[in-house]
Amino acid sequence: QDDDTLKIGLILTLSGPGAVLGEMSRDGFQLAAEEIGDIGGMKTEIVIADAEQKPDIAANKARELVERDEVDIVVGPIFSNILGAIHKPVTDSGAILISPNAGPSVYAGAECNPNFFATSYQNDQMHEVMGAHAQEEGYQNVFLLAPNYQAGKDSLAGFKHSYDGEIAGEIYTQLGQLDYSAELAQIAAMQPDAVFAFMPGGMGVNLVKQYRQAGLETIPFLSAFTVDESTLPAQQDAALGFFGGSNWAPDLDTPENKAFVEAYEAKFDQVPASYAMAGYDTAYLIDAALREAGGVADKDALIAALESAPFTSVRGDFSFGPNHFPVQDFYLTEVVKREDGKFATSVVKKIFDDYQDNYVADCQMN
Amino acid sequence: MLQVEALQAAYGESQVLYDIGLQVGDGEFVTLLGRNGMGKTTTVNTIFGLLKARAGRVVVDGVDLTNAAPHRIARAGLGLVPEGRQVFPTLTVRENLVAMARPGQWSLDRVLSLFPRLAERMGHMGNQLSGGEQQMLAIGRALMTNPRLLVLDEATEGLAPLIRDEIWACLAQLKAVGESILIIDKNVDALTRIADRHVVIEKGQVVWTGTSDQLRGTPEIKERFLHV
Amino acid sequence: MTSLFLLQLLNGVQFGILLFLIAAGLTLVFGIMDFVNLAHGVVYMVGAYLAVTFTSMTGSYGLGLLLTLPATLLLGLALELSVFRRLYDRPHLDQVLATFGLVMIITEGVEILWGAAPLSVQMPEMLSGSFPLIGAMRYPVYRLVIIAAGLLTALGLYLIISHTRIGMRLRAGASNRSMVAALGVDISKLFTVIFAFGAMLAGFAGAMVAPVLTVNPGMGEQVLILAFVVIVIGGIGSVRGAFAGALLVGLVDTLGRSFGPILLRAVMEPAAAGQAGRVLAPMLVYILMAVILAVRPAGLFGAKT
Amino acid sequence: MSLLDIRGLRKAYGALKVTDDLDLSVEEGELHAIIGPNGAGKSTLIAQLSGQTPSDAGAVRFNGAEMMGKPMHARVRAGMSRSFQITSILPGFTALENVAAAVQARQGSSFRFFSPVAGEHALNEVALEMLTRVGIAERAFFRAGSLSHGEKRQLELAIALATAPKLLLLDEPLAGTSGQEADRLVEVMRSLKGEITLVLIEHDMDAVFSLADRISVLVYGRIIATGTPDNVRSDPRVRAAYLGEETAEEGA
Amino acid sequence: MTRLTPTRAWAATILFTAFAALPLIAGALDDSYLIVIATRILAYAIAALALDLILGYGGMVSFGHAAYLGIGAYAVAILSRAGITDLGAHLLAAILVAAVFALITGAISLRTRGIYFIMITLAFAQMGYFFFVSLSAYGGDDGVTLNARSTIFGQPLLENNTALYYTALALLIGLYLLAVAITRSRFGRVLTGTRENPIRMQAIGFSPFRYQLTAYVISGCMASIAGVMLANQASYVSPSFMDWHRSGELVVMVVFGGIGNLLGAIAGATIALLLEEWLAILTDHWPILFGLILVLVVLYSRDGLSGLFRRSKS
Ligand SMILES: Nc1ncnc2c1ncn2[C@@H]1O[C@H](COP(=O)(O)OP(=O)(O)OP(=O)(O)O)[C@@H](O)[C@H]1O
Ligand SMILES: Nc1ncnc2c1ncn2[C@@H]1O[C@H](COP(=O)(O)OP(=O)(O)OP(=O)(O)O)[C@@H](O)[C@H]1O
Ligand SMILES: [Mg+2]
Ligand SMILES: [Mg+2]
């Protein structure tokens, strides 16, 4: 393997219902890669693999990337269960794995790994933001809603982590549920101070539309991964005024962000979501770290360079904690209709400053 | 009415019909005789386009319908009472009768008066009938399409003697009003009484044809090819 | 509590009718014509996507819906002429394999044409209102429209299948095509037309749900199994059965979700009840199907064999 | 005591009483024919006796043991076998395999997983013998589904015979067989007389009258007459309900 | 019934020899990843073989066979976590649990036939799926990463990819021979007869239920072995192993290869997975090509790939 070419493997979900997230992440990464040119000053080859949202297939593709294509760095995936499947094969091979989205607690804590980085967040944090917000607003009574799977359970746990008030009700819906009238009826009957929902993808579209149609919009709708730029084109007006928690929004006021959002919108004719942002940031992080470490030959040096996060994130403040998860700011965002008629999330206020996840103490990096 | 010339047919690799030629004139009553497995049903299936002819011709009223779609052949005036009844199991008796009916002298009432038994079973599903009742239904169903040539393949199988006699009487009546009939049946004696002509096949070939009188007069034909 | 129960009952019925609407085309093709059509879901999806496109082209949902119908009819026709007509006489498993292939082709095609992002269609002003039901809960007018569409479809299908000669010929053809042909009916043409009609029903369902549900590349597959469950619970070959099956699934699912945990809490510890409820809820539909089939191996209205 | 003793047997489909409080005894070794109009309930009776159709009420004693409630396969194993009016074979098997399967059912366990069955000569020999007996030995290696209708009827009988029953219930074995084959099957049945007990349902009166020791006439689910062929033939009720004048004379 | 015709014996020999030689080829090409894919193929081939035994010979179309993959996989995960790492123990546990699950669900499912059987087996598999999704102790739907593969006599022999591959191959060949023997045995004849005409089988004195249930249990056990291999291959276990797509894919593999022809099932699994790999290299839109191939194979062959093979010979 030549020392002067850099091989990066992207493994993202590019087909099936979750494909839009993977595509945004890929587009963000590639946008940055084009802007940079030779990443880390090296001839760069990017191999893209579709994780298909099937963990065992993803595990094989990840092995294909590290064993056959011999990539130095793997970027991916979107979904936590896929990360579980590819984490071991990639890190065992000595390659570096950078997650632009999934950030499950195990890898932030007990099973943290020198070769693994997350540029996104630790999964619980987005929910904690909303919990803290609910707490700040003084809501006494919040109704919780999430799909019945691991990420759903984590999300409600995350919310409760920073919210001390009453829980009016806690419902786990089915994965891929179509009709939410039963849940909405319960909410209407209980009249909680607010609703917190974690409903990624199509489920969020269904819920938000039906929430609005049921006339419940007077009850504040707090959420994570439920109203963002990946679902807003489908939710449109129905989501106006709904709240989300995030580490970023397209109108976050940094010069780098402005440039990124403009370039992305120009190129892809859509408003980027945080997936695109994290893909974009990841490319710049890799670039900067490689330049500092002087290539990929010395993995330890590269890891050390990555740890110092020697780049300027579009998010502004950004550094890595000892567990290789970011320390960053989190915001309350709200869905707005921009002047050009497009829908986007917009920063309302900062909730956490330089916030670190709760698992870092469990991490014994060796 | 129907003219079949040098018909050949096969199931996959194995050829069954080698040389079948027969004619049924207007108002004529013809039988197709032969032992088990000699190709009688195959001949009927090939005439109806249910099996592809390898060679030969099937002509109905002067129109060449060899290998035409089965529904076209049926619409040319042929009605089939197939071997093994083949009533529609998921249709009621009434539905079996009316689903494919075409207008003509045979109406539902007339068929039911021929087979009163069916009238008692109108709401039954096809597969909830006794064997004989299914056979009646199959005959009734064919009559309801008001064919000009009725083809009966073992149509009296499993019918009680009394009913069988009624069928013979009915066929004789049909013939009287100018209907053509092609029949395969094992009751050769009864058939010689009402049929005009007989065609005997053996191993896919026509080996003898003649009138009822000729058949009665040549016991060796019966002995050799039919063994009755 | 009682009013909530009644409301949930209504929600269950409404969800059931929605399910029937989605399953209607499959009832025709799979239930009546006895063709295992896994591609039903993707045709439904194409219907939804076409409704989005036509609506944005014409600016009117009504027009979009009207255009979707002939378009999906044509799609059905194309599929029938190119693939399906050669599979009627084949074993069910061959049909499974071929339609599985079509699902892959069409799903990928939709992603190429429309992208992976979820889309949506604005429902017409006229139908977007809602009226108060109890408390702050309002009932959307459009839900009533869906209920009406589902009921009309059910009634229409039932009449066609059970009370017309077309229905009889279809049922006859499903069990013995060549006999139907030998009795003088052009069964191929009939199957072609009805198949296309079934595709149109699927497209209609897709277009109808587009304003309430997300339109994305996974939507077809999501409902496919449910549609089969509904038909099988009801008993294959029976429109009445499919309707009953749909209502039952809708009710059990909705009531189970909302009152199951309450019932469980009556018999066990709250924590355990919560846990059990979470395990059982997603299984409900399947438990329902397994129980029904264990007791009535041919579904609720199916012919016993 | 009779080999088969039926008391008060009933079966109704809705309001339709197909078997209506039926009593019947079949003596060991006799050939007992059951005739009657179409839809009288003959096949249903066989289905009830064989356990295919559950009965509503009644008792069926066979060879001293009560059969009611026993599943089909248990009755076959007890020695009561049947043929079907509407041909029921294993279409994908060869004719020989069809019969060999039946032989296998009564010889040794079928929970054997390892040794190839095709090589079990004992099974095949008996099977071939049965095929020869009914006259389709030359079709032994043809797929049963591809046999002609009449040949399938012959196979049907061979399969039933191969289960080596004490009592054989035959539902229109001659239907669909023509001339020569019918004669042959009649001979087979004649040769079985004395060997096993036979219950024969047939609409072929020539065969019935030449074979039967006793005949029962079943009409609307009830036996209206039982007796010797001559008695039955001359019974005016039977003529009216079933035979018709002509056939009755023909059979004479 | 299966007849081990000379051509079939040859085809089997060629196929298995090719499999046996694969690591050499991979070595020559310096492409160790080949072995990784091939191991996965072998695992699926075992599952497809198991399914064909009941589907092709017993006429029981199980749309829930992925459940047994899942059972096998979780046997590895759960035992490993408990400190039991022996392959034999994993296999034994998988087979026992699969047998119990098959016995219970099979006994209920066999009350139905045809499409109803398809759907009720699906129902049971989905229950299994959702059970594991709710099993937070084992990661719910996130699954569990295996830290090490199963051991043999306490030795981590399977950590070597080639060793794992040959283990899977040996299992496949063994199970294939077993399946061939079963289909040709007395039991196999009754099973096939039951598929052909259950009423007729009862009328000659067989109780179809007992034979079908036995076959169903055997098949479930075989499929659970595939699950054990798959877990080792992926070093990861999650409920997605048993989701209904997986069951559907197994049916597709068997039908694609040609049903009632055990070799066809193996070939079907192999070719389907290879096509997926290969087409994905050609284009991002590979599902279109793959779907097209499936449709064409159905339209032009009555018996899957085996049919095509036979036709090209004659
Ligand atoms: N579907 C089939 N596939 C292969 N061979 C067949 C098929 N059907 C019939 N045959 C063969 O074709 C020959 C003629 O069969 P056919 O049914 O025409 O006989 P038939 O004269 O009607 O006899 P029968 O009086 O028994 O009904 C027989 O040898 C039979 O085995
Ligand atoms: N599953 C069923 N449901 C309703 N009615 C049935 C069912 N099976 C049979 N019957 C009715 O029971 C009656 C007796 O039928 P069965 O088959 O016993 O008559 P059969 O005496 O054998 O007549 P055949 O001589 O015509 O064969 C028939 O009228 C039939 O319509
Ligand atoms: Mg014939
Ligand atoms: Mg009968």
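1. A residue is taken to be near a molecule if one of its heavy atoms lies within 4 Å of that molecule. Around ligand 1 there are 19 residues, of which B:Gly37, B:Lys40, B:Thr41, B:Thr42 and D:Gly150 come nearest. The model under discussion is predicted, and the remarks below should be read accordingly.

2. Ligand 1 is located between chains B and D. Two helices, α1 (40-47) of chain B and α5 (149-162) of chain D, each contribute at least two residues to the shell around ligand 1. Sorted by class, that shell comprises four nonpolar, nine polar and six charged residues.

3. In chain B, a polar backbone atom of B:Gly39 is 2.9 Å from an oxygen atom of ligand 1, and an N or O atom in the side chain of B:Thr41 is 2.7 Å from an oxygen atom of ligand 1. In chain D, a polar backbone atom of D:Ser146 lies 2.8 Å from an oxygen atom of the ligand. On its own, ligand 1 has 630 Å² of accessible area, and the protein covers 84% of this area.

4. How many aromatic pairs are there over all chains? With ring centres required to lie within 6.5 Å, the count is 49. One of them is formed by A:Trp248 and A:Phe260, whose centres are 6.2 Å apart with 55° between the planes, a tilted arrangement. This pair links distant parts of chain A: A:Trp248 belongs to the loop between β10 (243-246) and α10 (255-268), A:Phe260 belongs to helix α10, and the two are twelve residues apart.

5. Two contacts between arginine and an aromatic ring deserve mention. In chain B, the charged end of B:Arg141 sits over the ring of B:Phe88, at 4.8 Å from the ring centre. In chain C, C:Arg177 lies over the face of C:Phe191, with a distance of 4.9 Å to the ring centre.

Technical notes:
Residues are numbered from 1 along each chain as its sequence is written. Chains are lettered from A and ligands numbered from 1 in the order in which they are written. This is a predicted model: local features need pLDDT of at least 70, side-chain atom pairs count only at pLDDT 80 or more; totals for chains, interfaces and linings use all residues. Side-chain values use heavy atoms; hydrogens and water are left out. Rings of Phe, Tyr and Trp (its six-membered ring) pair if their centres lie within 6.5 Å; planes under 30 degrees apart count as stacked, over 60 as edge-to-face and the rest as tilted. Helices (H or I, at least four residues) and strands (E, at least two) are DSSP runs, numbered from the N terminus. A charge sits over a ring if NZ of Lys or CZ of Arg is within 6 Å of the ring centre and within 35 degrees of the ring normal. A polar contact is a pair of N or O atoms within 3.5 Å; within protein, one must be able to donate a hydrogen and the other to accept it, and residues adjacent in sequence count only if both atoms are side-chain atoms. Accessible areas come from the Shrake-Rupley method with a 1.4 Å probe; for residues, only the protein chains shown count as cover. Ala, Val, Leu, Ile, Met, Phe, Trp, Tyr, Cys and Pro count as nonpolar, Asp, Glu, Lys and Arg as charged, and the others, Gly among them, as polar.
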